[in-house]
Amino acid sequence: MAKRKTIKPENGTGSVYKRSDSKNRPWVAVAPAKYDSDGKVKRIVIGKFQTAKEAKNALYNYNINPTEKYNITVKQLFTEWSEIAYRNISKQTVDNYNACFHKIASIYNIKFRELRTGQMQKIIDDNSNMSSSTLSKIKLLFTQLYKYALENDIVNKNYAKFTVLPKQTTAKKDSFTDLELAKIEQSIHSIPFADIILTMCYTGFRISEFLELTPFSYDSKDKTLRGGNKTQADINRIVPIHAKIQPIIDKWIAKNGKTIFCNDNGEKYSTKYFREKCYYPTLKEIGIRILPPHCTRHTCATCLSAAGARPEDIQKILGHTDYDTTANTYIHQSIDTLQNTINLLK
């Protein structure tokens, strides 16, 4: 058995000793002994260190905030955190966190308290070819894990906040041209889903918001749709219905589905299914550029601006938050005002 050279701290504060059979990090810090439910002694090895001073400092820091989870790994901590965090968030957010967790597999078995900025930064850098949104979500996952670890005295410093996201060139946002929009309109009676795409261009909803609209989102008296859930300015915003798409709304509502734009069984389309099986094939059949669904939102904004709509009215219809707090807090457009704005579209 290896001989030990022991440095005895104060009683009940643990111990520090040196192993003669270890040259790299010979000094070991051990937490104070505790007894489990069976009466057996349980000791937590805080770590192995190069010098006695490092070991004593580690033992000192442990005694400031002692925890049974001192040696918890990244994977174990994620499991604990997710069991609590997933209770009150949407399925989409859960899926995002799970996808990010798969990206950090290289650090699953590292003790969380030993995780440092460089290891997290390497994961972000190794995935730099991904979108800025995805990289931000990976960093957010690290931040959430550190928040949980701090709350449970597993760490006393958040190294995630020092990670840096790579600078990415902002992708050019595009919209359908007037000619493309006209082709979509010409196809609404001959090509399935062309009417839905036209409606998206005339309402400005994000695809997820659009597909979640239900018959209860429709106000038949004021001829408006109410929807949105991404930001404070988005939640339940009111979008007047242009006369050109009113017949389309009426036709789909008559299907009596769970959502306005539903499948043949009256069920909601998933965003993925609608995008891949309905939206893109329709654009291809119409014979116009294959732009992503979000371009319909840009098309709405572009057409409203070209028609002379006021910036604050466009903001209200699209649910933007970046046009001064005044527009959100102090300007209260009536339904009539917003209706006049939407009617600017030709």
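User: What volume does the largest cavity have?
Analyst: About 40 Å³. Keep in mind that this is a predicted model.

User: How many cavities of 30 Å³ or more does the structure hold?
Analyst: One.

User: OK, which residues line the largest cavity?
Analyst: Pro32, Lys34, Lys42, Ile44, Tyr62 and Glu68.

User: Switching to strand β3. Which way do its residues point?
Analyst: β3 covers residues 27-30. Trp27 and Ala29 point one way, Val28 and Val30 the other. In a regular strand, side chains alternate between the two faces of the sheet.

User: Are those four buried or exposed?
Analyst: All are buried.

User: How many bridges join β2 to β3?
Analyst: Four, and the two strands run antiparallel. β2 spans residues 15-19. Serine 15 sits opposite valine 30 of β3.

User: What about β3 and β6?
Analyst: Four bridges there too, again antiparallel. β6 is residues 45-49. Tryptophan 27 has phenylalanine 49 of β6 as its bridge partner.

User: New topic, helix α9. Which residues are buried?
Analyst: Gln246, Ile248, Ile249, Trp252 and Ile253, in a helix running over residues 246-253.

User: Why do they count as being on the same side of α9?
Analyst: Because they cover an arc of only 160 degrees around the axis.

User: What covers the buried residues of α9?
Analyst: The cover includes α7 (194-203), β7 (218-219) and β8 (224-227).

Key:
Residues are numbered from 1 along each chain as its sequence is written. This is a predicted model: local features need pLDDT of at least 70, side-chain atom pairs count only at pLDDT 80 or more; totals for chains, interfaces and linings use all residues. Side-chain values use heavy atoms; hydrogens and water are left out. On a 1 Å grid over the protein atoms alone, a cavity is a set of points where a 1.4 Å probe fits but cannot get out, and a pocket is an open set with protein on both sides within 12 Å along at least five of seven lines; lining residues have an atom within 4 Å of a point. Grid points are joined across faces, edges and corners, and a volume is the space filled by probe spheres set on the points. Buried means under 20% relative accessible area, exposed over 50%, partly exposed in between (1.4 Å probe, protein chains only). Two strands pair if DSSP finds at least two bridges between them. The arc is that of the directions from the helix axis to the C-beta atoms. Contact means heavy atoms within 4.5 Å.
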